[in-house]
Amino acid sequence: MMGKITKGEDFLFNQVYEYVLNRIECKEWKQHEKLPSIRQLALEFKIHRLTVLKAYKLLKSQNKIYVKDKVGYFVQSMDTRPEESGDP
């Protein structure tokens, strides 16, 4: 059985998701611009870091943002996807 998400957690997650998505869609945050860190957004919203991470992971799965390891999250280009480096 999957874990149950309470309405409060779901609401917070959606708030973060919509906040980031709206800023990307209205071009407040430009292509390849670095997004606020997970810690920074968690402090801003006064929520747990995992809630922000969940929103970022969903945005990444929708190709709205991408991640650079140990650097942060960035706005995805609308015309191209970043190259995935699968092989070293």
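Glycine 72 is found in strand E2 of this predicted model; strands (E, at least two residues) and helices (H or I, at least four) are DSSP runs numbered from the N terminus. With a relative accessibility of 16%, glycine 72 counts as buried, a class defined as under 20% relative accessible area, against over 50% for exposed and values in between for partly exposed (1.4 Å probe, protein chains only). Not counting residues up to four places away in sequence, glycine 72 touches Lys34, Tyr66 and Val67, where contact means heavy atoms within 4.5 Å. Its C-alpha atom is separated by 8.6 Å from that of isoleucine 38, 34 residues apart along the chain.

Serine 77 lies in the segment after E2 and is buried, at 6% relative accessible area. Outside the four neighbouring places in sequence, serine 77 is in contact with Gln31 and His32. The side chains of serine 77 and glutamine 31 are joined by a polar contact of 3.1 Å (a pair of N or O atoms within 3.5 Å; within protein, one must be able to donate a hydrogen and the other to accept it, and residues adjacent in sequence count only if both atoms are side-chain atoms).

The largest nonpolar core has 19 residues, of which Val20, Leu35 and Tyr56 touch the most other members; such a core is a set of buried Ala, Val, Leu, Ile, Met, Phe, Trp, Tyr and Cys residues joined through side-chain atoms within 4.5 Å. Two or more residues of this core come from each of helix H1 (7-25), helix H2 (38-45), helix H3 (49-61) and strand E2 (72-75). H1 gives the most, with 7 residues. Leaving aside neighbours within four places in sequence, valine 20 is in contact with Trp29, Leu35, Leu41, Tyr56 and Leu59.

Residues are numbered from 1 along each chain as its sequence is written, and side-chain values use heavy atoms, with hydrogens and water left out. Local features need pLDDT of at least 70 and side-chain atom pairs count only at pLDDT 80 or more, whereas totals for chains, interfaces and linings use all residues.
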